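Dear colleague,

I am passing on the structure we spoke about, and it is placed just below.

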Amino acid sequence: MTSHRCAEGGTAIDRTDTVGFTVDGRQYFGLAGDTLASALLANGVRVMGRSFKYHRPRGLMAFGVDEPNALFTVTTDGVREPNVRATEIEIFDGLAVESQNRWPSLDNDLMAINQLGGKALAAGFYYKTFMGPVIGPLKGTRFWMMCEHVIRRAAGLGRPGTAPDKSRYERINAFCDVLVIGGGLAGLKQAHEAAETGRHVIVCELEPRWGGAADGKKESEIRQIVESLESRPNVTLLTRTTVWGWYDGNMLAATERVSDHLKTAPEGAPRQRHWVIRAEHVALATGALERPIVFPGNDRPGVMLADAGRRYTETFGVLPGQHLAVFANNDSAYATAAALRHAGANVRAIVDVRPEIGAAAQRLADRAGGALKLGHAVVGTSGAKGLKSISVARYNHETRSFSGGAEEIETDCLLVSGGWSPVVHLASQAGANPVWDDALQAFLPPKPDAHWSVHGAAAGDLDFDHDLSPAPAPVFEIGHPGKAFVDFQHDVTADDVRLAHREGFRSVEHLKRYTTLGMATDQGKTSNVPGLAIMADALGKPIPDVGTTRFRPPYTAASLGSIAAERYGDLFPHRLTPMHDWHGDHGARMYAAGHWERPESYNRPGETVEQAYVREAKTVRSGAGLVDVSTLGKIDIQGPDAADFLNRVYTNGFAKLPVNKARYGLMLREDGFAMDDGTTWRLAENRFLITTTTANAGKVMSHLELCLDVHWPDMRVHVTSVTDQWAGAAIAGPKSRDVLAACVTGTDVGNDALPFMGIVHGAVSGVPVMICRLSFSGELAYEVYCGAHHGTHVWEALMAAGEPFAIAPYGLEALGTLRIEKGHVTAAEIDGRTTARDLHLDWMLSSKKPFVGSAMMNREGLTDQSRWTLVGVVSRSGEKLHGGSHVVAGDRDGPGPGLGHLTAMAFSPEINAYVGLALVEDGGNRIGQHLYATDPVRSGTHIPIEIVSQHMVDPKGERMHG
Amino acid sequence: MIIPCPFCGPRDLSEFAYCGDADNLAARPDPAASDQSSWNAFVYDRTNPAGDHAEIWQHAGGCRRHLRIVRNTVTHAISDVTMPGAKA
């Protein structure tokens, strides 16, 4: 009998409620209230994990979040959550877990053969080994990458699953005056004090119960405070809630494990809840973690932190062993020895490196019984799968010398205490550098400011009972031959730390990265200070001079599911035009253009997309077509200085634009590159409506607002986005005027009343409309705008009026075809790298006034003749071009350097060939050249093309002016 | 980070868009002047201080005003929020 459940005791368990669970399919029983760790311990299980590199058997070392060894994979409905500490898994009926990093089983792990390669697997193994020499046909590192695959399988932690996580998670934002982190006695007292003053207090405790590490005698005091806090409306109490991140401005992140400990979550309850807490003041009461001592064989199952032994006994009524030994450098373990003796264990020996101890410790040692070995150290352990005995030798910790022979003491559980480390992680995350305290041999938080405070053991206030001294002897390692582990989870030994030092890794940051000390899932909770101490020793410096690394969030692992909460799946916002449903009802295939859903083409039965858009484009060129242009950005600009404002932001002049006329406009960025184009309609002396490309609507709006807010705050202009207020339909084609004449009332739409770029106001089917004669397609065309709520009504009226003229709706593909044929640019060409000249828009650059970009647009690099300029391309082989293809001069065998790329392509019914637009180096001088469009990675095509003018159809613009 | 918007009150960072260095934007050269070097400096030269930095942020998800904010680039502490362009 080693570890076992005592006949009585255990504050957390219900002895009447037996709970069944499985580990690797094997059935175990525990009691309600048990953690997986306490239940397995009660079952006498000693090996709870296999180590990372050497596959050494490992047992339980700690009681809580600092546990490095006992990691399991929790399997729920086929969903795997790896690397969960057994100390944090609360058991329930039907809980199923798997052990990790072992093959074929935890008890018989064949990979333990890795231990024989101990020297070869020392620190830096990967860095040294995976530098590739050439071996036969295997070049460079390729061979080693193959080996790495095998080795990585042998070394590691748990394996995540691939099944989707079906659990539900929640997020919550909370605000409070005081956030108390840690529900031990110090935290509860602090919460009570703050709550009394009426402040809003949130208290987070990571364990399921209040009281933290306080021993059982304080239970009634704790219950009293908790009951008082529970009765107050200004206090929120959260258990099973780990605060794991402290960010700028006192914003903290916490995970509440709402139903992980339950067989089934209550109706509506999430699995976990992610808290974002903004606190005026943070009160840290995070306690302290006991440190191990580094000595040979210190990782054998049965070697446990002393206080963990006490807590298993008090909380769960589980004795970690029958024949105990204690190894300490401080007084605190003596209380544990006495308590465990009281609970029924047999204390064989107390080994202390100190030659003398105080009267209080001596009294407890007498109560515990067993041999008191002062001035001694444990120098070895034995036992195949669990501790059977320890070797103890006389040791002078000041001279670090051993004397006399080693004595064997039979024991099944060694309780170790190497002193206490206050939990400074969160303060360190927030930027407060810990300060070394010589008396406590530990890092303490620095002096807090008004935004935070620190209380209890976290502040170094280690208030041990029985007048015990909190000061340990400065002993971190017993330097005796044998594998002595510092970081249990990453299998880093004391020798590894020294090896790193010998190889030149002398900064603590380098040490950490080279040995991976403290980089495992436990983030070095037990290994940090011992590792630093060994490093300091190697460097011959005091510990504070070596410094510590800054802790990063999270304090303990947080599930990505809880952080994402409901934010998964299709989160992309969809903007729909007022005519959206009509499009769907008429066969439109919708296409996502930025946030907008736009019709791609209106496919008739049996038609491909290409057949549909070619038909639609032909309809526009021969009759009339209707396209939804509601997505264009629309900005209403009003004020006495509106015309002057537009003069400053557009490259061309607007001051003289008459009312009820529109003008094409171009905006540059301050650096002289093109930003966006669109049309500007003067609706009144002091009122303009501008349109932007669909893609740049938001950018242009912010740009105009910045100009008004920051550059010209005195201008009397107001800009308002009205994109969603107007529905727009463009009617294009030689019959478009006839269609309008058939349905527009209240205004003449003839050539005299409505010339090119003219604006009229009228009505369609009783709805007021604003019509501007502009053309993107190159045909006679009009844009008809009406209030968004009437969009479908007006659209249907236009379709009905067009029926005698065989009008057809057309989509983005046909729109693209028409504009490509005309060489009109969109955001595909105004891509942030092109200038007005590159796009043949230099006729729009006014020389009579300054405008945004005018000072920078004539720089040498922006006027260079060889810049990529806009051209048209025609496929010479009849092959379909691919947008994004590169333009090259050579054939497939010798393509030569890239000369540019295709920005758009379509099949042109007018030219009866695949055509495109391209930005090509020195494009203006390449008209007529035969080049290639190459697309080697995607379609593998290499197509002969001819460079032509971008005005491929109706270059003089006679159609749209007709 | 919480930005105290003078119009909307203290609001989360996610509602704001960063628009550039406030001192740089305030120093936009006279558009009529053709001094290329001052324009080069305006468009390209930026300081990168560790400490207080005057910045323009737009409350894009709120009132849409541009604000001049003094933010410590090390601690993200905001020490001043004013209206850009206002006469000092």
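A salt bridge is taken here as a side-chain nitrogen of Lys or Arg within 4 Å of a carboxyl oxygen of Asp or Glu. Please bear in mind that this is a predicted model, in which local features need pLDDT of at least 70 and side-chain atom pairs count only at pLDDT 80 or more, while totals for chains, interfaces and linings use all residues. Residues are numbered from 1 along each chain as its sequence is written, chains are lettered from A and ligands numbered from 1 in the order in which they are written, and side-chain values use heavy atoms, with hydrogens and water left out.

Over all chains, the structure holds 50 salt bridges. One of them joins Lys373(A) to Glu407(A), whose closest N and O atoms are 2.5 Å apart. Lys373(A) belongs to strand β20 (residues 371-374) of chain A and Glu407(A) to strand β23 (residues 401-410) of chain A, so the pair ties together parts that are 34 residues apart in sequence; helices (H or I, at least four residues) and strands (E, at least two) are DSSP runs, numbered from the N terminus.

Turning to helix packing, helix α10 (residues 494-502) of chain A packs against helix α12 (residues 528-539) of chain A at an angle of about 45°, with the axes 9 Å apart. Axes are lines fitted to C-alpha atoms, for helices over the stretch in contact, and angles run from 0 to 180 degrees between N-to-C directions. The two helices, α10(A) and α12(A), are therefore oblique to each other (under 35 degrees counts as roughly parallel, over 145 as roughly antiparallel, 65 to 115 as roughly perpendicular and the rest as oblique). From α10(A), the residues Ala494(A), Val497(A), Arg498(A) and His501(A) meet residues of α12(A) that include Ile534(A) and Met535(A), where contact means heavy atoms within 4.5 Å.

Two backbone details may also be worth a look. The peptide bond from Pro553(A) to Pro554(A) is cis, with omega near 0°, and Pro554(A) lies in the loop between α13 (543-546) and α14 (560-564) of chain A. Thr516(A), although not a glycine, has a positive phi of about 65°, and is found in the loop between α11 (508-515) and α12 of chain A.

Finally, between the chains, 23 residues of chain B are in contact with 19 residues of chain A. Four salt bridges are counted between chain B and chain A, and the side chains of Glu705(A) and Arg64(B) meet in a salt bridge at 2.8 Å, N to O.
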